[in-house]
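Subject: Structure handover

Hi,

Here is the structure I promised to pass on. My notes follow below it.

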Amino acid sequence: MLSDNMTVSHTDLFSKFDPLIEMRRNLLDSGVEDPFGLVMERVLSPTVAMCNGRETILLGTYNYMGMTFDPDVIAAGKQALDDFGSGTTGSRVLNGTYAGHRAVEQALCEFYAMDHAMVFSTGYQANLGIISTIAGKGDYIVLDIDSHASIWDGCKMGDAEVVPFKHNDIEAMEKRLRRIPDGAGKLVVLEGVYSMLGDIAPLKDMIAVARKYGAMVLVDEAHSMGFIGPNGRGVAEDQGCLDQVDFVIGTFSKSVGTVGGFCVSNHPKFEIMRLVCRPYVFTASLPPSVVATARTSIRKLMHAGAKRAHLWENSKTLHKGLKDAGFQLGTDSPQSAIIAVIMPDLERGAAMWEALLHEGLYVNLARPPATPANMTLLRCSLCAEHSAAQVQQIIGMFTRAGKAVGILG
Amino acid sequence: MDREETSARIAALIAPFNKKEVAITDRTRFTDDLEFDSLTVMDFVAAIEDEFDIIISMNQQAEIENYGQLVDAVVKLRG
Ligand SMILES: Cc1ncc(COP(=O)(O)O)c(C=O)c1O
């Protein structure tokens, strides 16, 4: 015990952040607007908002299907606010399951044609909860090195052995599966669309290999729901292997247009997850208005074939336009609603981001460590509500900004 | 296979990743001395795993800071 007049030297726990603070200060001192501090003052539609008093086309949201202002979705939310109040104030397993939570889980079962659906407060928590709970001590998780932070954090929170493999590399995955000791439980974790470059996984081949080695398979379809696949069920549906997937993870924060996360499965014992999965149990459930909007949106997404077709058109047009203009893109062909434009470095990436904002276009600036291979990216995510004219306008803005910043010759 | 032979095989694998040609001893640290970033670690670990037909999980990697610890871990994993 220290006496009153003794002190020990004080270590500032924040000193570990000094390199990042320094990097941010250097960036902002160069005079660019803060790419991570943008405020949308008003949102006019799924594709247009007011930023710094300027009307801005939104090309950096995950509002792929443009459901956020759908009149049926809004009406369902308002009705639920009136009927059920603003929040549940409790866990799903205590006082936090209302009729609406059951109804949205039923809608998910129908959307995916699967037996079970479990709704979490976010997609982040769905990955955290399912991965950390099903893979325990002595089990092995084999996952793609470019997996989303929520997948990594789910691995970190659990007690399983974690074995990453090179992005989308089937042979590297197979080697690791082959070396796992006999009798150990195995979980392979993949994503349909990888959100940094917008590339898809060869799920059909990867899942066939995983199953050959007796692994269970979890696929995160956060960025494909509603858009990819004949019924919008994702990349696994598109490649005809959804029946080989044990767990699909998804989110309401992208195509569905609200907030929340889920896992759907045909596993006969799946319902036990509701009692053993801590990120499900020890947090409050989603507000009634949120589950009502999600349910309405999911049901509308079942019949959104025309919107899906238009979104593919947008993705193809933008990919071709930017490629023809001379930009370096993350994929050779458009594979999803995300088109990543590769920047030479963070400084020019930030300058380009700001030039686009002044043109009236918002995109996502992504930088290491979130990006693969330490790249700086301008990530464009298209919406089914972007008009063909808006896409042409966007290509013009990129071309002008690219010349102004010196990225295009 | 004894420790010396294992060490020699790992030393051969490390060469292409040892850009600054740092002299390797058992106390050489991967991040501080060899300046490996996470991508280099992944490629280097994969090379060792393939050479010895083993898995070095991330949990095990977290315990390995220097070259000597890596050699010991590989010897142990080879059984
Ligand atoms: C692949 C992937 N999984 C999960 C999530 C988490 O989703 P949510 O926003 O619902 O937490 C995201 C979103 O950032 C994601 O990109």
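Which backbone atom lies 2.7 Å from an oxygen atom of the ligand? It is an N or O atom of A:Gly123. Please keep in mind that this is a predicted model.

**Ligand site**

The ligand is surrounded by 14 residues. A:Gly123, A:Asp220, A:His223, A:Thr251 and A:Lys254 are the closest. Side chains also supply polar atoms here. In A:His223, a side-chain N or O atom sits 2.6 Å from an oxygen atom of the ligand. For A:Ser253, a polar side-chain atom is 2.9 Å from a ligand oxygen. On its own, the ligand has 390 Å² of accessible area, and the protein covers 85% of that.

What is the shell made of, by class? Nine residues are polar, three are charged and two are nonpolar. Helix H4 of chain A, residues 123-134, gives the largest share of the shell, with three residues.

**Nonpolar patch**

Next, the surface. A:Val93, A:Leu94, A:Ile272, A:Leu275 and A:Val276 make a nonpolar patch of about 490 Å². One of them, A:Val276, belongs to helix H9 of chain A, residues 273-276. A:Val276 has 44% relative accessibility, so it counts as partly exposed.

**A:Asp70**

Is A:Asp70 buried or exposed? It counts as buried, because its relative accessibility is 10% and the cut-off for buried is under 20%. A:Asp70 lies in a loop of chain A, between strand E3 (54-58) and helix H2 (71-84). Its side chain makes a polar contact of 3.0 Å with the side chain of A:Lys300.

**The E15 to E16 loop**

This loop of chain A deserves a look at the backbone. It runs between strand E15 (364-366) and strand E16 (376-381), and A:Pro369 is found in it. The peptide bond from A:Pro368 to A:Pro369 is cis, with omega near 10°.

A:Ala373 lies in the loop between E15 and E16 too. Its phi is positive, about 50°, although A:Ala373 is not a glycine. With a relative accessible area of 48%, A:Ala373 is partly exposed. A:Asn374 is also placed in that loop. Phi of A:Asn374 is near 55°, again a positive value in a residue other than glycine.

That is what I have so far.

Best wishes

Technical notes
Residues are numbered from 1 along each chain as its sequence is written. Chains are lettered from A and ligands numbered from 1 in the order in which they are written. This is a predicted model: local features need pLDDT of at least 70, side-chain atom pairs count only at pLDDT 80 or more; totals for chains, interfaces and linings use all residues. Side-chain values use heavy atoms; hydrogens and water are left out. A residue is near a molecule or strand if one of its heavy atoms lies within 4 Å of it. A polar contact is a pair of N or O atoms within 3.5 Å; within protein, one must be able to donate a hydrogen and the other to accept it, and residues adjacent in sequence count only if both atoms are side-chain atoms. Accessible areas come from the Shrake-Rupley method with a 1.4 Å probe; for residues, only the protein chains shown count as cover. Helices (H or I, at least four residues) and strands (E, at least two) are DSSP runs, numbered from the N terminus. Ala, Val, Leu, Ile, Met, Phe, Trp, Tyr, Cys and Pro count as nonpolar, Asp, Glu, Lys and Arg as charged, and the others, Gly among them, as polar. Patches are made of residues with over 30% relative accessible area and no salt bridge: like charges are joined within 9 Å, nonpolar side chains (Val, Leu, Ile, Met, Phe, Trp, Tyr) within 5 Å. A salt bridge is a side-chain nitrogen of Lys or Arg within 4 Å of a carboxyl oxygen of Asp or Glu. Buried means under 20% relative accessible area, exposed over 50%, partly exposed in between (1.4 Å probe, protein chains only).
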